[in-house]
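Thanks for coming, everyone. I'll keep this brisk. Please have a look at the model on the screen before I start.

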Amino acid sequence: MPHDPRRLTALGWNGFLESAFADATSDGRRGLVVRVDGRVVTVLTDAGQERVPLSTTMSGVPDDGSVTTGDWLVIDAGLAVHLLPRRSVLMRRAAGVATAGQAVAANIDLVFITVALGVPLRLRRIERALAMAWSSGAAPVVLLTKSDLSLDVDEDLRAARSVAAGTEVIAVNSSGAGLARLREILLEGLVAVLVGPSGTGKSTLVNRLSGNEALATGEVRADGKGRHTTTHRELIELPGGGLIIDTPGTRELGLWDAAAGIDEVFGDLTEVAAHCRFRNCKHEQEPGCAVRAAAAGDPSVLARLESKRKLEREQERLDNARDLRAQAEQRRELRRRARSMRQRSP
Ligand SMILES: Nc1nc2c(ncn2[C@@H]2O[C@H](COP(=O)(O)OP(=O)(O)OP(=O)(O)O)[C@@H](O)[C@H]2O)c(=O)[nH]1
Ligand SMILES: [Mg+2]
Ligand SMILES: [Zn+2]
């Protein structure tokens, strides 16, 4: 079947993928992963939607071994045989595992960070999510959801913007507020991923944008915690163009390779710190500290400084744990080789 370039463009296909595809195959087809169920994936191709098994000898798979929503696969004879390189990928630390990363979504242009209103805003959580989003290679947008529950939306917007380092912050709700702006942002061929705790209204938002009730949504428990209604990541094509990935709510977003994103979120602090008298200033008791001078006029500077340090420490611990694991693996490999040498020697 001849392929349909216009259809592929609407799915986010581009020149980067086309040249990777040309390098990888001469006769495969292109498939965009909308859902992963173990070793079987649902893909959108230029001819429609289909389910294909992953070949056991699939190539191009990253170290963590996973295929995720938003990945592009080469499909040959009914099997996914190759994973095309990702132009961006949102990573988090896998739940309960100190040294494993998990790819939440690949080839994304936008990360929609959802924060529900009606409860006190957790600014530190926004900073954390922004750091992760920026490290993905995609651009973050902060969505303050359930804006109907806020006593003062303007104040919430102001507070969120104060930590968002120039990122757009939009108040939305299920009655339609903010949706026009989201539709404007989600141009044809762009892929966005929704992240945030359970119950922030992610699936509700996708249903509003898509104009149908395809995704299940759930009541929030009386204690304000969500119920983890969504159990699968799923990519949905929007009627007005654009693609959006709904994800299950996560209690905490563990950092993974977020150093670059941390620098981005706290870029203003780094700029101020450049004016400290000492280059290695810890902003504690040193004379000529520009950060403490700034904090005297604006106490939020200290909270952000502490937040930055906390994220940096977490990233350092993770890097150290991974180094230790890599060293342990190397030692095991050397032992294994030494053993097989001994066995072979007469
Ligand atoms: N007041 C109000 N409630 C909303 C709004 N959007 C969603 N809800 C309600 O919030 C609850 C949770 O919504 P979901 O869309 O299931 O939340 P979710 O983020 O997808 O949750 P998980 O799938 O568990 O991660 C549902 O009862 C929705 O009806 C809103 O704008 N305002
Ligand atoms: Mg959901
Ligand atoms: Zn200083």
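First, a word on terms. Helices here are DSSP runs of H or I with at least four residues, strands are E runs with at least two, and both are numbered from the N terminus. With that in hand, look at helix α6, residues 202–210. Helix α6 gives 3 residues to the shell around ligand 1, the largest share. One caution: this is a predicted model.

Let's stay with the ligand. Which residues come nearest to ligand 1? They are Asn 173, Gly 201, Thr 217, Thr 230 and Gly 249, out of 24 residues around ligand 1.

Now the overall layout. Take the pair formed by domain 1 and domain 2. On the domain 1 side, 13 residues make contact, and they meet 19 residues of domain 2. Where do they come from? α1 (5–10) and β1 (29–37) each provide at least two residues of that side of domain 1. The side of domain 1 touching domain 2 holds 6 polar, 4 nonpolar and 3 charged residues.

β1 turns up again in a barrel. Five strands close it, in the order β1-β2-β3-β5-β4, and the pairing is mixed. From one strand to the next, the twist averages 55°. Zoom in on one pair. β1 runs antiparallel to β2, residues 40–45, with 5 bridges between them.

Last stop, strand β8, residues 110–116. Is β8 largely enclosed, or is it open? It is largely enclosed by the rest of the structure, because 7 of its 7 residues are buried. For the count, buried means 20 or more other C-beta atoms within 10 Å of the residue's own. Check both faces of β8. On one side, Leu 110, Phe 112, Thr 114 and Ala 116 are buried. On the other, so are Val 111, Ile 113 and Val 115.

And the partner? β8 pairs with β9, residues 139–145, in the parallel sense over 7 bridges.

Key: Residues are numbered from 1 along each chain as its sequence is written. Chains are lettered from A and ligands numbered from 1 in the order in which they are written. This is a predicted model: local features need pLDDT of at least 70, side-chain atom pairs count only at pLDDT 80 or more; totals for chains, interfaces and linings use all residues. Two residues are in contact if their C-beta atoms, placed from the backbone, lie within 7 Å. Ala, Val, Leu, Ile, Met, Phe, Trp, Tyr, Cys and Pro count as nonpolar, Asp, Glu, Lys and Arg as charged, and the others, Gly among them, as polar. A residue is near a molecule or strand if its C-beta atom, placed from the backbone, lies within 6 Å of it. Two strands pair if DSSP finds at least two bridges between them. Axes are lines fitted to C-alpha atoms, for helices over the stretch in contact, and angles run from 0 to 180 degrees between N-to-C directions. A residue is buried if 20 or more other C-beta atoms lie within 10 Å of its own, exposed if 12 or fewer, and partly exposed in between; C-beta atoms are placed from the backbone.
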